[in-house]
Amino acid sequence: MSASIDRPTSAVDPADGVAVLETRGSVAESFGIPLAVLLELTHRCPLQCPYCSNPVELERGGTELSTDEWKRVLSELAAIGVLQIHFSGGEPTARKDLDELVRHASEVGLYTNLITSAVLLTRERLAALADAGLCHVQISFQGNEPAVADRVAGFASAHAKKIEVARWTRELDLPLTVNAVMHRQNLHQLPDIIEMAVALDADRLEVANVQYYGWALKNRAALMPTLQQIEGCTAIVEAARERLKGVLAIDYVIPDYYALRPKKCMGGWGRQFFNISPSGRVLPCHAAETITGLAFESVRGGKSIAEIWRSSEAFNRYRGTGWMQQPCASCAFKDIDFGGCRCQAFALTGDAAATDPACALSPLHVRIFKTAEAEAAQGSDRFLYRNFAGGTAEA
């Protein structure tokens, strides 16, 4: 990574919600620098969630960026116009230097959000993070009933610890988001999860149905909800949004397998978002490394982050619409959803340029819909757990 870059100015493009990078007076390509970036500090995590979005082949601790390397990344991101940083993992609190990284991010003017399982936190550590300048906490919940939640997490007493940390978060006057990852085995808890978020004084609740990449794809048969569950979930969310307006903001993500149109994944490939992996690879999305054949450049490779964002082959491969095959190429919605999810297209078809099977125009759509119905009806509850220590475990 370049140790120094031209000092840019930035402005916000209201259409895309990104900072438009200007270097030596010219707008950088047609894609602005994202306002928010995800930093995956580590893949280490005490939980073993069967839907984990991290790669199946997890990065070992010895490959992680050092404290100084992450601080250099933070400084560079602030310099090119990024405003928000999401510290994630794995479990970011497994990094002993997290307090130092939060403090440095605050010093260079970045808003910081901690995305955490919470189980490694003490009140003293959370207070230290707040003192270092942490701005927001997002805690993942695997359910509302401890027995179910702990089984999904593969970690005893995880749910009780999450509740405790959520309360500490509000006692320290930090904003709180509850992230509830939903699937067939916990969707019946959704009304109680919503009430739990209210009781915890959360500002926001993310009702995030599992998306099927990586570990989740391996566990799809155990996680896939029924269509009836999804319809009920949608009705519950809509009613809660109306009832709790001004009290709790609720974001909602449905599983693609029951959709008719693909989602505008991450705002479109290489358009509004990137994340940086534990070893420093700059990725268009957290699942991008599932696409074999793409080479992702690293912050250790000598190029600036802005240069990687603008000109790397991996980012430009699926930007815009010029790469599209039919029926996407002639679709009236191609500039709206940008072809849907490239990772999902690759996972289900073997071709990242294929039509996302979530789209009703895909020749595979009906088959995928029927697969979802069949797996949901099968009723499997066996998990293949994510295990950082090596190997897998079933339960």
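How many helices and strands does the secondary structure of the protein come to? The count is 14 helices and 15 strands, where helices (H or I, at least four residues) and strands (E, at least two) are DSSP runs numbered from the N terminus. This is a predicted model, in which local features need pLDDT of at least 70 and side-chain atom pairs count only at pLDDT 80 or more, while totals for chains, interfaces and linings use all residues. Residues are numbered from 1 along each chain as its sequence is written, and side-chain values use heavy atoms, with hydrogens and water left out. Of the 395 residues of the protein, 54% count as buried; buried means under 20% relative accessible area, exposed means over 50%, and partly exposed lies in between (1.4 Å probe, protein chains only).

**The sheet**

- Nine strands form an open sheet with mixed pairing, in the order S11-S10-S9-S8-S7-S6-S5-S12-S13, and two strands are said to pair if DSSP finds at least two bridges between them.
- Strand S11 (249-253) and strand S13 (282-283) stand at the edges with a single partner strand each, so one side of each is left without a neighbour in the sheet.
- Within this sheet, strand S5 (residues 36-40) pairs with strand S6 (residues 84-88) in the parallel sense over five bridges, and Glu40 has Ser88 in S6 as its bridge partner.

**Helices that lie across the sheet**

- Helix H1 (residues 67-79) lies across S5, S6 and strand S12 (275-276), running at about 175 degrees to S5; axes are lines fitted to C-alpha atoms, for helices over the stretch in contact, and angles run from 0 to 180 degrees between N-to-C directions.
- H1 has 13 residues and reaches 18 Å from its first C-alpha to its last, close to the 18 Å expected at 1.5 Å a residue, the expected span being 1.5 Å times one less than the number of residues.
- The buried residues in H1 are Glu69, Trp70, Val73, Leu74, Glu76, Leu77 and Ala79, and they pack against S5, S6, helix H2 (98-107), S12 and H10, where contact means heavy atoms within 4.5 Å.
- After H1 comes Gly81, whose phi is positive, near 110 degrees.
- Helix H5 (residues 158-171) lies across strand S8 (136-141) and strand S9 (176-182), and it runs at about 160 degrees to S8.

**Aromatic pairs**

- The structure holds seven aromatic pairs; rings of Phe, Tyr and Trp (its six-membered ring) pair if their centres lie within 6.5 Å, with planes under 30 degrees apart counted as stacked, over 60 as edge-to-face and the rest as tilted.
- One of these pairs is formed by Phe274 and Trp309, whose ring centres are 5.5 Å apart and whose planes stand at 45 degrees, so the pair is tilted.
- Phe274 lies in the loop between S11 and S12 and Trp309 in helix H10, so this pair ties together parts that are 35 residues apart in sequence.
- Phe274 is buried, with a relative accessible area of 0%, and Trp309 also counts as buried, at 1% relative accessibility.
- The rings of Tyr318 and Trp323 have centres 5.3 Å apart and planes at 85 degrees, so that pair is edge-to-face, and ring pairs link Trp269, Tyr318 and Trp323 into a cluster.

**Polar contacts of two buried residues**

- Gln344 lies in helix H13 (residues 342-349) and is buried, with a relative accessible area of 1%.
- The side chain of Gln344 makes a polar contact with the side chain of Asp256 (3.2 Å); a polar contact is a pair of N or O atoms within 3.5 Å, and within protein one must be able to donate a hydrogen and the other to accept it, while residues adjacent in sequence count only if both atoms are side-chain atoms.
- Ser304 is in the loop between S13 and helix H10 (305-311), counts as buried at 10% relative accessibility, and has a side chain that reaches the backbone nitrogen of Glu307 at 3.0 Å.

**Backbone details in the loops**

- The peptide bond from Gly89 to Gly90 is cis, with omega near 10 degrees, and Gly90 lies in the loop between S6 and H2.
- Another cis peptide bond joins Gln326 and Pro327, with omega about 5 degrees.
- Asp173, in the loop between H5 and S9, has a phi near 65 degrees, a positive value in a residue other than glycine, and is exposed, with a relative accessible area of 63%.
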